[in-house]
Amino acid sequence: MYVDTLNTRLIGLRGLYRAGYRSVLAYRADLLFGVVGLVIQATLTVVVWRVLYAGHDEVAGIGSSTAVAYAVLAACIQSVVMPWQFSSLPQRVIRGQIGVDMMRPRSLISQNLAQAVGTMVGRLPIGAAGLITGLALGGVQAPHSLLDLLAWVVSMVLGIANIMTINLLVSMTAFWTLEIGGVLILYRFGSAFLSGALIPLWFMPGWLQPIISWLPFQAQIYAPLSIWFGTRHGAELLGTLAVQLGWVLVLFLLLQLVWRRAVHKVVVLGG
Amino acid sequence: MVRTWSAVREDLRASRILLRAGWRAAMTYRVSFLSTIVGGVALQGTQLLFIGVLLSKFNVIHGWRFNDIALLFAMRLAAHAFYVVPFGALFSIDQAIQQGDVDRYLLRPAGIYLQVVTRYAPLMALGDMLLGFGSLALFAPQSSVSWTPGKVAFLIAALIGGGLVEAGLQTFLAGLSFRMTSTTSLRILADDTITRFSSYPLTMFSRWGFLSLTFIFPMAFIAYLPATVLLGRTDQLPIPAWLAYISPCGGLVVFTTGLAFFNRMIRQYNSPGS
């Protein structure tokens, strides 16, 4: 008799994880250009921030070396966790493959999340290349303490869960309309800006900071990195992690709600 | 083979027909039309926000004040519109090859390149254009340039030239698609590097950085070199000033090279079979 244990569940999802992983490795040239690209961009980023800081000791309370390290680390993390093609869902709806996906004995949400994790793991070499470049240029700082490092790991995992959930939420627009190219671009660049992947919140204008800190995006990259640089201690650190966890839970609940409505909207094209 | 004037006229007629069809198809769906344009604005708008936030904190980048960086930024955005509105469909070259569309293009009485760039109307480009010309109208009067008719003419030539530089680079890379399965990431890399870094005073990337961005990956011709002429800053360049004065012609050189390479690479085309 077939028993749906945790183990058999994971076996199914492992296949999808592998599919995501392999989809990155299959196009060697793309991966190579990703690596070369991040090496070039990390180098230019270091120069830009150092030139910006010429003649300033501190801006908004942040010193030059922290700002440079933030920019490099954010670029590396962004290249791994925010790929250009962040979900195959819209394509699968357009091509009608969604029909097969929905017949599989795993929920569509877990299938997509497993695949997204695979894609991120496949892109790790790109981030590593950027990190090595940053280190070689003396542009990266290690966390102040082991505790900060551990807290960063927890915070980064929560940040990634946040990104993956919102990615999937946005991709589900495809169930309502197929013309979502504009929406996806708007989301891609909007979230890059609001998450702190381009500029840390420290440098944002005063009126914008409270708005951004109430949005879920800052919990993706800005929150983990501010922990990395030791700007949060004690209760503040725990508060940050709690807010991140809260966002993941809220977003996941929202995802379930949207998915429940989407099920009734699914049209299997060419099916 | 010598191309006669009538052949050029044929091509122009063909491109008019193809362009009209493309734009009509793109404008059929109103909501998607609008959301796509908004997407285009967002793409370049984040960069505008980025520079804006930085300058509000730092005021000066490599000796350039806020208003002159803003001009440089607006010039690069407007030049980008001159690339992405007419040539934006080049982005889909990989699909055109993989889906076998190029087979059909070979049979039709028009150039392959022409048919690739008129494959569809790049709606998102209208967003780029809106933002580019909008920011130019806003920032050009505030810059430290004292505008004369001659300088305005130079600016227009520079914008078209800058667009052609980008078009030439992308055409060159698109030519590689006839040999490689996927060049999308390479072309996104070029586009992204230009988007992120071409609106800085490029001499800040040290002598060798500047020289490679001028002669190897000629990003400097897009906006920086013409801007140094307008702002009277050519003395900062490690290259002769006359090269900056003729920089609008750089676009013609890069585009001609890119197109020649593309047309050469077509011979390598293997039909995917369909």
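Analyst: Helix α2 of chain A passes α9(B) in a right-handed crossing, that is, the near helix is turned clockwise from the far one by less than a right angle. This is a predicted model in which local features need pLDDT of at least 70, side-chain atom pairs count only at pLDDT 80 or more, and totals for chains, interfaces and linings use all residues. Residues are numbered from 1 along each chain as its sequence is written, with chains lettered from A and ligands numbered from 1 in the order in which they are written.

User: Why are α2(A) and α9(B) called roughly parallel to each other?

Analyst: Their axes, lines fitted to C-alpha atoms over the stretch in contact with angles from 0 to 180 degrees between N-to-C directions, come within 9 Å and cross at roughly 15°. Angles under 35 degrees count as roughly parallel, and the pair therefore qualifies.

User: What makes A:Gly99 partly exposed?

Analyst: A residue is buried if 20 or more other C-beta atoms, placed from the backbone, lie within 10 Å of its own, exposed if 12 or fewer, and partly exposed in between. A:Gly99, in helix α5 (residues 98–103) of chain A, has 16 such neighbours and therefore counts as partly exposed.

User: Why is α3(A) described as mostly covered?

Analyst: Of its 18 residues, 15 are buried. Helix α3 (residues 64–81) of chain A also reaches 26 Å from its first C-alpha to its last, close to the expected 26 Å, where the expected span is 1.5 Å times one less than the number of residues.

Methods
Helix = DSSP H or I, 4+ residues; strand = E, 2+ residues; numbered from the N terminus. Parallel < 35°, antiparallel > 145°, perpendicular 65-115°, else oblique.
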